[in-house]
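Have the viewer open as you read.

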Amino acid sequence: MVVQSKIGIIDGDGHVLEDEPAIATYFPKEYGEYLSRRVGKVFPALDHLHEGLTIRPPGSFMPAPVDRWVDFQDRAGIEGAVLYPTSGLACGRMVDLDYATAACQAYNDWLYDTFTRHTPRLMGMGLVPMQNPPAAVAEMRRCIEELGMAGIMLPSTGLANHVGAKVYWPVYEEANRLGIAVAFHGGCHMGLGMDNLNLFAPIHAMGHPFGITISFGSLLFNGVFDQFPNVRWGFLEGGLAWFLLALERFNGSHKAFIPADPHSAFLQLHKGESIAEYILRLVKERRLFVGVEGDEGAIGYAVSVAGSEPFMFSSDFPHEVNDDTINEEINELLEREDMSFKDKEGILRTNAQVFYGLKAS
């Protein structure tokens with residue numbers, strides 16, 4: 001079934017399944033001896049929690065080279081897609097600074113050569129070694145200015161410090177100068193209180209939103225959004241429920257526990273402004289975006305609370321979806337009666353255009 005829609009959909013969060021032996025060929029030659037010991041692996045494991053026995057939808061997690069991606073887009077009515085890593089979601093877990101830098105560079109070159117240079121319908125998000133902020137700044141600049149990436153992806157877990165820490169501010173300063181999209185993406189679930197949980201379904205359900213909620217809270221309360229106002233910030237693959245939780249819980253907790261801030265080092269609200277009002281101001285200023293899927297039942301309510309501007313459709317292809325399930329998701333969204341056509345167009349297309357700085361076709 002092909003989706004019949006008047007909206008040329010922009011997929012705000014698709015994925016590649018990395019060919020890690022191929023990525024290894026992009027490393028500097030002096031790394032060859034070390035890479036041979038890794039038996040074709042470039043990135044560390046996402047965590048020990050993905051290894052359970054699970055049954056997945058038919059056709060999901062199958063290799064998706066350019067031609068399969070384009071065929072999927074044609075079948076789903078998707079005009080363009082922005083590609084995120086799979087194994088590379090673990091980039092925050094690398095502790096060797098030189099290796100992390102080389103791995104991000106190699107991934108970005110492989111992504112460009114294998115996908116994004118072949119068709120404008122596939123755009124990439126670059127990886128930068130946040131473990132080494134000066135190298136991350138240089139690689140971000142290369143991703144945007146030389147490889148034409150749509151922005152950069154940062155891991156929501158795994159780094160040595162919380163993402164609002166000032167050690168990372170030079171990276172955000174360069175992103176601010178470039179005026180780009182910076183996306184936090186879930187994927188690694190260790191250290192979130194579920195390390196001994198025996199089934200993966202609840203781990204997956206909670207791990208993605210927990211990781212990006214923590215990242216969002218760190219950036220929010222440490223005043224990062226206002227320090228770097230030219231950055232467009234995205235939080236992906238956690239659905240929308242975490243965002244509603246953040247609006248309510250961060251707002252209430254801030255009222256009860258306003259940080260002592262003698263040096264004005266943290267978030268500075270407007271006079272009389274609440275945390276919830278501040279978050280919604282970021283939304284209206286088109287600086288805050290949230291990845292959602294088409295079958296989320298609460299999306300109509302979320303639009304009534306925050307407007308449709310923050311929400312950006314994500315297929316997650318080729319992970320847990322196939323042609324049938326993605327068409328069902330898109331049609332379910334299109335058929336909703338609690339949102340206007342303009343809201344649906346924003347979620348399926350224009351919000352992604354704004355976030356990634358894409359030109360309207």
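A quick definition before we start: a residue is buried under 20% relative accessible area, exposed over 50%, and partly exposed in between. Keep in mind that this is a predicted model.

**Surface patch**
- F210 has 36% relative accessibility, so it counts as partly exposed.
- You'll find F210 in helix α7, which covers residues 200-221.
- Together with L197 and M206, F210 makes up a nonpolar surface patch of about 220 Å² accessible area.

**Cysteines**
- How many disulfides does the structure hold? The count is 0.
- C104 is buried at 1% relative accessibility, and C143 is buried at 0%.

**Aromatic pairs**
- The count comes to 23 aromatic pairs.
- One of them is W69 with F317, an edge-to-face pair with 4.9 Å between centres and 85° between planes.
- W69 sits in helix α3 (residues 66-76) and F317 in the loop between β8 and α12, so this pair ties together parts 248 residues apart in sequence.
- Both W69 and F317 are buried.
- F221 and F250 are edge-to-face too, with ring centres 5.4 Å apart and planes at 85°.
- That pair links helix α7 (F221) to helix α9 (F250), 29 residues apart.
- F221 is partly exposed at 23%, whereas F250 is buried at 16%.

**Charges over rings**
- R56 lies over the face of F61, 4.1 Å from the ring centre.
- K166 does likewise over W169, at 5.2 Å from the ring centre.

Key: Residues are numbered from 1 along each chain as its sequence is written. This is a predicted model: local features need pLDDT of at least 70, side-chain atom pairs count only at pLDDT 80 or more; totals for chains, interfaces and linings use all residues. Side-chain values use heavy atoms; hydrogens and water are left out. Patches are made of residues with over 30% relative accessible area and no salt bridge: like charges are joined within 9 Å, nonpolar side chains (Val, Leu, Ile, Met, Phe, Trp, Tyr) within 5 Å. Accessible areas come from the Shrake-Rupley method with a 1.4 Å probe; for residues, only the protein chains shown count as cover. A salt bridge is a side-chain nitrogen of Lys or Arg within 4 Å of a carboxyl oxygen of Asp or Glu. Helices (H or I, at least four residues) and strands (E, at least two) are DSSP runs, numbered from the N terminus. Buried means under 20% relative accessible area, exposed over 50%, partly exposed in between (1.4 Å probe, protein chains only). A disulfide is a pair of cysteine sulfur atoms within 2.5 Å. Rings of Phe, Tyr and Trp (its six-membered ring) pair if their centres lie within 6.5 Å; planes under 30 degrees apart count as stacked, over 60 as edge-to-face and the rest as tilted. A charge sits over a ring if NZ of Lys or CZ of Arg is within 6 Å of the ring centre and within 35 degrees of the ring normal.
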